[in-house]
Amino acid sequence: MINPIFLYFYRIKNENKWTQNIDYHIKCLEIFDIAEKIRREHHTQYSLCGGSIVGAHLYKGFILWDDDGDLMMTRENFNRFFKIAD
């Protein structure tokens, strides 16, 4: 289930419509939701980066033409995350 916080960020500020890449964006939100569950349960850390952080900051959602989600983490967190997610 998609976290309601991420659904909020999916909506475009001051508009009441979905973006053109809805299938990609919904899948990114599902992945972000999994990453957030892992972070909470296993105390890993990550951050949005690239187009994901730009979209969240400027549009409170995704950039219209962006078709992926960008996360970054330290090598230590990545190794722990990968073991958990695998």
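Arg39 and Glu36 are three residues apart in helix 2, so about one helical turn separates them. Helices (H or I, at least four residues) and strands (E, at least two) are DSSP runs, numbered from the N terminus. The two side chains form a salt bridge, with their closest N and O atoms 2.7 Å apart. The term means a side-chain nitrogen of Lys or Arg within 4 Å of a carboxyl oxygen of Asp or Glu. Arg39 is partly exposed, at a relative accessible area of 31%. Glu36 is buried, at 11%. Salt bridges with shared partners link Glu36, Arg39 and Arg40 into one network. Buried means under 20% relative accessible area, exposed over 50%, and partly exposed in between (1.4 Å probe, protein chains only).

The model is predicted: local features need pLDDT of at least 70, side-chain atom pairs count only at pLDDT 80 or more, and totals for chains, interfaces and linings use all residues. Residues are numbered from 1 along each chain as its sequence is written, and side-chain values use heavy atoms, with hydrogens and water left out.

Now the wider layout. The protein has four helices and two strands. From the N terminus on, they run α-α-β-α-β-α. Of the 86 residues, 33% are buried. Among contacts (heavy atoms within 4.5 Å) with a separation of 6 or more, 62% join residues 24 or more positions apart. The protein exposes about 6200 Å² (Shrake-Rupley, 1.4 Å probe). Carbon and sulfur atoms supply 57% of that area.

How many salt bridges are there by this rule? The count comes to five. Side chains of opposite charge can pair when their charged atoms come close. Helix 2, which covers residues 22-42, also holds Glu30 and Lys27. These two are three residues apart, about one turn of the helix. Their salt bridge has its closest N and O atoms at 3.1 Å. Glu30 counts as partly exposed, at 30% relative accessibility. Lys27 is partly exposed too, at 49%.

Lys37 and Asp33 form another pair in helix 2, four residues apart, again about one turn. Their side chains meet in a salt bridge of 3.9 Å, N to O. Lys37 is partly exposed at 45% relative accessibility. Asp33 is buried, with a relative accessible area of 6%.

Helix 2 also contains Tyr24. At 47% relative accessibility, Tyr24 counts as partly exposed. Along the chain, Tyr24 and Asp66 are 42 residues apart. Their C-alpha atoms are separated by 8.7 Å.

Asp70 tells another story. This residue is found in the loop between helix 3 (50-59) and strand 2 (71-72). Asp70 is buried, yet has no salt bridge. Which side chain of opposite charge is nearest to Asp70? It is Arg75, 16 Å away. Lys and Arg count as positive here, Asp and Glu as negative; His and the chain ends are not counted. With Gly51, a polar atom of the Asp70 side chain lies 3.2 Å from the backbone nitrogen.

Methods
A polar contact is a pair of N or O atoms within 3.5 Å; within protein, one must be able to donate a hydrogen and the other to accept it, and residues adjacent in sequence count only if both atoms are side-chain atoms.
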